[in-house]
Amino acid sequence: MGCLPSFAQAGWTSVVLLILIRLLQGMSVGGQLMASVVFTLESADRNKWGLYGSLVSASGVLGNLLGAIVGTLIRSNMTHEQILSYGWRIPFLSGISVSVAGFYLRSSHGGEDDNGDDFEVNGEESNKEGTQPKNALLESFKPHNLRPLVASMMVPMLTCTGFYLTYVWMAIYMETLSEVNIPSAFRITSASLFLSGCLLLPLPGWLSDKYGRKLIMSIGAIIVSLTGPSMVSIIGNSGDPALAFWAQLLMGSCYAFWSVPMFAFLMESFPPETRLTSLSIGYNIPAALVAGTTPAIATFMVDTLGPTSPGWIYTISAIISMIGLWIVSPKPPQPQYTLIV
């Protein structure tokens, strides 16, 4: 990405290359995110899936935080012309260092069973003779799996829109789109992301293990739906960096109470045989449809409906996700346990 030719150098070829590379990036993220969730949680005690799911979330957010810090440093030390000329390439080129860790993990992990032997996942008897589907993709769309699959597309709506609205779009909103522009917008966002998106995350995960996924998720969604419009209004009208920080921190904290237990909830919605495929389909469809488009929709709403109107995106997405959680989602399948003598 950092080595792409400019439009002046390659014309429309640069545009085609940009689209192709972004598609490859999307395939990489879509393939690895849910795989990391399934791998981590199935390796952990089932009674601590919420807590371990929070660690997966925190690691992903930490990557976003590092990106936000790089963006802040670039904006602070380069002129607008320098950023347009070559500065925008720096974050993409620095991402090469991440691949080193990826190659190391791939080469050093020796736990994969290439022989297809039977194994157990936290007491869940997986890959039982005669029950392992030949095609997990087709199995995911069979009638008995459709209801949890649809629920898994609705439940992440708040997660996808909430993250991009709170941590991706909000800094631009503070800096250029709000009624009163707020200085140091990227620093504010980075600080709130670190506190609510990294340090806080184990708490809702642990609480969901103790009191149940639906209860903790519902508390977060209800607060987000009720306070989202007013928090955006405070950020957009105050012009006060401290007030904007606390408003963004509150939104991020409430959003975490939905998004963190969500991974464990989705895991519990599918049997081990089709879990990864079903999770990937369910999560990546809303991620593709609403996550990436949320900033554009929010900006359009600012232009057409007013500077504080994007706050209603929180409310709408929370309602859709709550319907998926409480109405569409069936009762999770009970794990099967094998008596070992």
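Here is a short tour, from the whole chain down to single pairs of side chains.

**Stop 1: the whole chain.** Keep in mind that this is a predicted model. Colour by secondary structure and you'll find 16 helices and two strands. Now show the surface: the accessible area comes to about 17,700 Å², and carbon and sulfur atoms account for 68% of that area. Of the 341 residues, 43% count as buried. Among contacts with a separation of 6 or more, 81% link residues 24 or more positions apart.

**Stop 2: helix α10.** Select residues 185-199, which make up helix α10. From the first C-alpha to the last, this 15-residue helix reaches 20 Å, close to the expected 21 Å. Where does α10 bend? Look at L193, where the bend is about 25°.

Next, show the side chains of A185, F186, I188, T189 and S190, which are among the buried residues of α10. Which helices do the buried residues of α10 pack against? Colour α3 (49-77), α9 (156-177), α11 (202-211) and α13 (241-268) to see these partners.

**Stop 3: salt bridges.** Side chains of opposite charge can pair when their charged atoms come close. How many salt bridges does a search of the whole structure find? The search finds four.

Start by selecting R275 and E42, whose closest N and O atoms are 2.8 Å apart. R275 sits in helix α14 (residues 275-291) and E42 in helix α2 (residues 12-42), so this pair ties together parts 233 residues apart in sequence. Is R275 buried or exposed? R275 is buried, with a relative accessible area of 1%.

Move on to K142 and E139, another salt bridge, with the closest N and O atoms 3.1 Å apart. K142 is partly exposed, at 39% relative accessible area. E139 has a relative accessibility of 19%, so E139 counts as buried, the cut-off being under 20%.

Stop 4: Finish with D209 and R213, a salt bridge whose closest N and O atoms are 2.7 Å apart. D209 counts as partly exposed at 22% relative accessibility, while R213 is buried at 9%.

Terms used: Residues numbered from 1 in each chain as written. Predicted model: local features only at pLDDT ≥ 70, side-chain atom pairs only at ≥ 80, totals over all residues. Heavy atoms only, no water. Helix = DSSP H or I, 4+ residues; strand = E, 2+ residues; numbered from the N terminus. Expected span 1.5 Å × (residues − 1). Bend = angle between axes of the 7 residues up to and from the residue. Buried < 20%, exposed > 50% of the residue type's maximum accessible area, 1.4 Å probe, protein only. Contact = heavy atoms within 4.5 Å. Areas by Shrake-Rupley, 256 points an atom, 1.4 Å probe, with all protein chains shown as cover. Salt bridge = Lys/Arg side-chain N within 4 Å of Asp/Glu carboxyl O.
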